[in-house]
Amino acid sequence: MKQVAIEILIEKKDLEWWPRLTKNSEKLAWLKLDFDKLKTFDDEDEEETYDPRLYDPSDTLSKLKNRRKKYQQRVEDFRKIYLFLYNLSQFIGFLYVLIVLTIEYAKEGPQFLEKAYPLVQTAFTFCQVLQTLEVIHPMLGYTAGSAFAPFLQVLGRMFMLFGMINAEPRIQSKPAVFYLIYVYCLSEVIRYPYYMLRVYNVDIGLLTWLRYTVWIALYPLGFLNEGIIILRNIPYFEETKKFSLFLPNKWNISFYFPSIMRIYLLLGLFPLLYFAMTHMYHQRVKILGRSQRQKED
């Protein structure tokens, strides 16, 4: 005899699990479950089914966009905080060196020039090495512009610091070293506060004007002192043979560092000064010209 049954498909009003099929907890003899079709919580975890009432494509896309915006905002917040702290730390470091040099020179006068560099060597070297990050910032998109200009500036300063000043103790007592560090610090205590405030789009007119004006005097003074230091170092490097390579050697090449120093003074110093001055001139026209137009508008 064939069994007769009635199958009823009931659509739920709310997508929730039913604790039972009936309102009351009593069992009904004529009502049974088909366990082959029964789904539980475990079955739902193992096999997810698509229900248009649960998944709205437009809603999912909107959530993804919001999540992406939040992630981008977190990245931007981190970038701003990092750049602000970096510029702040550099400002404090160079300001410290500048204050120490100024106070000690005011106390002792010209006699202080001979012992100025050892007094600030550690702090100045730390700040100078930290500047290598400025070459990486444009590559990571943290700052606008090309990495070429900061690369040249950092490379030149590293050469002067480690290749000229730290490599030859006798040059450290020369007045040109004091003046060079002083010029570097004067430039940086203006540059870093400007960049620090620009991270949050804060523009102080006087600071902006100083940032794009004082270089007109400081850049030539800096290059002049660099040239003097290199020139005064040539006899020392001829005596010590430091950084020079002579035959015979396993590479079968020779390299005479004092000759490179002379070539740089003759062919490299003024072109680099021209490049730096031209770069800053274009920046000055761009920034100060834009500020002037905004005032007129």
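Let's start in a loop: asparagine 252 sits between α8 and α9, where helices (H or I, at least four residues) and strands (E, at least two) are DSSP runs numbered from the N terminus. This is a predicted model, in which local features need pLDDT of at least 70, side-chain atom pairs count only at pLDDT 80 or more, and totals for chains, interfaces and linings use all residues. Residues are numbered from 1 along each chain as its sequence is written, and side-chain values use heavy atoms, leaving out hydrogens and water.

- Asparagine 252 has a positive phi, near 60 degrees, though it is a residue other than glycine.
- Asparagine 252 is exposed, at 60% relative accessible area (buried is under 20%, exposed over 50%, partly exposed in between; 1.4 Å probe, protein chains only).
- Phenylalanine 243 is also in the loop between α8 and α9, and its phi is positive too, at about 70 degrees, although it is not a glycine.
- Phenylalanine 243 is partly exposed, with a relative accessible area of 42%.
- Proline 248 lies in this loop, which runs between α8 (215–240) and α9 (257–296).
- The peptide bond from leucine 247 to proline 248 is cis, with omega near -5 degrees.

**The chain as a whole**
- You will find 9 helices and 0 strands in the chain.
- Of its 297 residues, 31% count as buried.
- Among contacts (heavy atoms within 4.5 Å) between residues at least 6 apart in sequence, 73% join residues at least 24 apart.
- The chain exposes about 20900 Å², with carbon and sulfur atoms supplying 62% of that area (Shrake-Rupley method, 1.4 Å probe; for residues, only the protein chains shown count as cover).
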